[in-house]
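Hi everyone, thanks for coming. Let's take a look at the structure together, starting with a place where two chains meet.

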Amino acid sequence: MSLLQVEGVSKKFGGVVAVDECSLAVEDRSITGLIGPNGSGKTTLFNLVTGFIPKDTGTVTFRSRRIDRLGPDRIYELGIGRTFQLARIFPRLTALENMLVPVRRRGLRALLSGASWGSERARAMEMLEFLEIAHVANKLGGALSYGQRKLLELGAVMMAEPGLVLLDEPAGGVNPALLERIADHIRKLNDRGITFLIVEHNMGFVMNLCTNVVVLHRGRTIASGAPEAVRQDPAVLDAYLGA
Amino acid sequence: MTPQQMKLARWLGLAGLFVLALLVPIIAPDPATTNIAVFTMMYVGLATAWNIMGGYTGYVSLGHAGFFGFGSYALGLMLAHLGVKAGYGPFLFVPIAGLLTAVLALGIGWFALRTRAATFVIVTIAFMFMLQLLAENLVGLTGGGGGLSFPVPTWGGDFFNTPFYYAMLALASIGLLVSWVIRHSKFGLGLLAIRDDEDKALAVGVPTRAFKLTAFVISACLVGMIGGVYGYYVTYIYPQFVVDPLIGISMVLMVFLGGLGTISGPVLGALILEPAQLWLAYNYGASRLYLVLYAAVFLVVILLMPRGILPSVSELISRRRTSAGPPATAAARTVPR
Amino acid sequence: MTLVLEAAVLGVLTGGVYALMASGLTLIFGVMRIINVGHGALVVLGAYLSFAVWRSLHIDPFVTLLLTMPAMFGLGVVLEMVFIRPLKSDRDALSVLVTYALALGIEGVLGYFFTTNYVQLHAWYDTASFPVGGFRVTYVYLIGFLLCLLILGALFFILYRTTFGASIRATMLNRTAAQLIGVDVDRVSAVAFGIGMATAAAGGVVFGITNAFNPGSHYDLISRLLTIIVLGGLGSLRGAIIAALVMLVSEDITSVVISPVWASFVFFVILVVVLLVRPQGLYGVRVRDRI
């Protein structure tokens with residue numbers, strides 16, 4: 001049983017079919033790439049999986065449990081985190097506070113407890129150190145550089161120890177040096193047992209990092225498998241170059 | 001000064017202010033001053049309570065006057081129907097009025113929070129007017145336009161205002177305590193996250209609806225209790241003076257003046273604006289100019305200091321500090337307390 | 001039964017006025033994303049301006065619009081530039097406070113010049129009416145209604161048939177995108193606010209003829225207008241018009257069938273019912289932040 005199973009999911013916006021009976025599977029502990037030409041429905045799929053928009057048809061199953069009718073906060077609680085195409089953090093909170101916002105447990109005691117007390121703060125600092133941005137822990141989110149924000153966004157998502165993380169264009173707007181660092185962080189987190197599904201346009205990044213790749217075109221899956229195999233698949237070449 | 005010393009200084013300062021507040025009726029026992037004190041403390045409580053919703057979550061409720069009036073009527077009706085004699089007894093019923101207001105807020109909030117920020121503002125206004133209409137028209141229950149009377153306290157003369165002052169002080173203190181606890185809890189962080197980016201908050205698991213509703217109910221409960229004490233203080237309430245948009249707007253303005261989302265901002269705003277408001281009303285109330293002056297003050301404040309006094313001042317201070325050149329790693333927090 | 005019919009007709013006629021007033025309010029929201037809680041006061045201001053002109057020049061109240069509409073338009077542009085444009089952070093909440101302050105200021109000034117006594121605009125043909133079915137319709141109501149139709153028509157013409165109107169609609173749909181294609185959103189905002197004020201002036205005249213008013217009348221007015229635009233969907237012109245008609249007709253029918261006391265209550269009940277089913281209002285768009 002795959003960690004995440006998307007079956008026959010469709011979504012229309014008015015007359016535009018964004019996702020067309022799309023099916024894909026993400027295996028546990030993999031780093032799966034999700035690629036495809038612009039407009040192929042990648043971000044829409046992300047939004048569908050994470051509960052931001054409701055699907056028209058199909059099912060989404062996570063750890064053998066249907067999640068397609070849940071809200072984003074519930075889905076995060078169940079173990080799926082995501083980042084956004086344009087890195088989103090809370091600008092008026094400090095970096096450390098950003099790390100402490102994610103909700104893991106909803107009990108009354110957990111919520112009333114000091115956000116800065118206990119093991120949470122230690123874990124947050126540890127993650128910030130891991131991402132090499134601990135030195136800006138007390139800076140307001142709005143004062144951080146874009147690269148720092150991207151890392152912070154990733155770190156905050158990690159706080160609830162999700163099983164699956166959806167990354168929406170992690171390489172977007174990022175210089176090569178930082179990109180290497182990000183790829184490195186992803187690999188290390190993957191070693192710790194976290195599965196990744198990554199939407200990306202940067203082919204080098206995808207081919208180097210991903211254990212398998214799914215290709216979307218016009219809202220449908222047209223190929224899936226090991227990076228090298230997919231890269232040479234004629235249907236994929238056709239989608240990118242032709243039509 | 002080291003951070004520890006600063007923290008100690010801050011706590012001592014707060015303690016000092018609290019002691020001062022306790023002593024106000026003793027330092028200045030004349031009724032004119034204590035009357036100002038009662039209303040000022042009332043607004044400290046109202047502004048602090050409003051801030052828990054509007055300041056922390058960013059959802060601006062312009063209908064809080066409705067909760068104020070509801071609390072007033074709730075207490076008044078309870079006292080009337082239960083035949084509670086005047087004295088200190090009525091104060092014991094204030095928490096119940098607060099509870100009833102909380103229940104009302106639960107209903108209104110459940111409904112109003114289905115909408116996003118802009119519509120929310122208007123829905124709260126609509127509910128306020130609805131409450132006013134109900135107060136005016138359910139004559140059998142509320143006395144309608146004729147008003148509702150409260151039992152008249154037995155203590156009188158110069159001492160009259162004092163118990164009310166302490167009641168308001170108690171409620172304001174409770175409000176500040178609640179505000180502080182929330183601000184330093186995960187719940188509070190969640191609220192602030194909602195204010196910054198609600199969808200992002202959802203994406204990291206913040207149960208936004210439950211959080212918003214909770215903040216709304218807590219805020220309303222406090223306001224309701226304060227309304228109750230107010231009713232008892234003025235001993236006779238009318239729908240349009242207790243469900244009064246001006247009260248609702250004043251508490252909002254005070255929070256904006258002092259600093260939205262901070263803990264001491266609402267206090268500062270109330271301490272500045274309420275005495276000013278009372279002074280204006282006293283000196284210019286007869287002519288319509290009172291409104292114009294009030295509006296002018298209002299506008300000047302908002303246009304000159306849109307973020308409020310505390311954030312603007314603290315930003316000014318930290319800007320001075322960084323230009324004086326402390327090490328870059330000690331990046332100053334510009335989030336004022 | 002004729003009573004109900006009469007109430008319905010009256011509801012449509014007065015609905016027209018509210019539609020006009022609400023359209024300005026929803027336009028301002030659509031373009032500038034601000035809730036102008038001072039709109040009621042602006043209507044009252046328009047009514048008083050017409051009152052002053054009518055009283056001194058002794059012309060037909062409707063004719064005063066030739067003076068008041070341009071004046072209010074200009075005033076609107078100035079107000080937007082001075083008080084609203086400077087607001088940058090926390091714009092939504094601050095604009096509410098600013099417009100409320102303007103409303104208070106207007107109320108104060110009007111009270112100073114005109115006192116708080118109730119006044120009303122009068123036309124020499126005030127009491128003239130013509131029969132429809134089993135009841136009579138007063139001419140002033142009819143003329144007022146036609147005026148509203150005329151101005152609403154002009155508004156739609158501007159919005160949908162002129163280039164500037166296209167700029168307005170572009171700004172309403174997506175402010176940033178509009179800027180990117182060269183629309184001067186600041187100018188559009190100022191003009192939109194001016195248009196809003198002009199419609200308030202027109203609404204003010206009709207309101208002033210059909211109601212006794214004083215400076216404090218803006219509270220009741222704004223609560224209704226806000227309810228109407230929420231019901232119609234914030235930013236939707238069509239929604240505002242339909243909502244106004246729905247509200248006023250129901251109110252007038254309730255007034256006749258149940259009692260006038262509960263008539264205003266019906267307003268809010270309808271709002272609650274609709275929002276339960278459609279939180280975005282009749283023609284509103286379900287807004288999801290950028291995802």
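Here, 40 residues of chain B are in contact with 40 residues of chain C, where contact means that the C-beta atoms of two residues, placed from the backbone, lie within 7 Å. This is a predicted model: local features need pLDDT of at least 70, side-chain atom pairs count only at pLDDT 80 or more, and totals for chains, interfaces and linings use all residues. Residues are numbered from 1 along each chain as its sequence is written, while chains are lettered from A and ligands numbered from 1 in the order in which they are written.

Now to α1(B), residues 3-27. Its 25 residues should span 36 Å at 1.5 Å a residue, and the end C-alpha atoms are 34 Å apart, which agrees; the expected span is 1.5 Å times one less than the number of residues. Two of the 25 residues are buried, so α1(B) lies largely in the open. Buried means 20 or more other C-beta atoms within 10 Å of a residue's own, exposed means 12 or fewer, and partly exposed is in between, with C-beta atoms placed from the backbone.

Finally, chain A. E169(A) sits in the loop between β7 (164-168) and α7 (176-191), and has a positive phi, near 55 degrees. With 21 other C-beta atoms within 10 Å, E169(A) is buried.

Terms used. Helix = DSSP H or I, 4+ residues; strand = E, 2+ residues; numbered from the N terminus.
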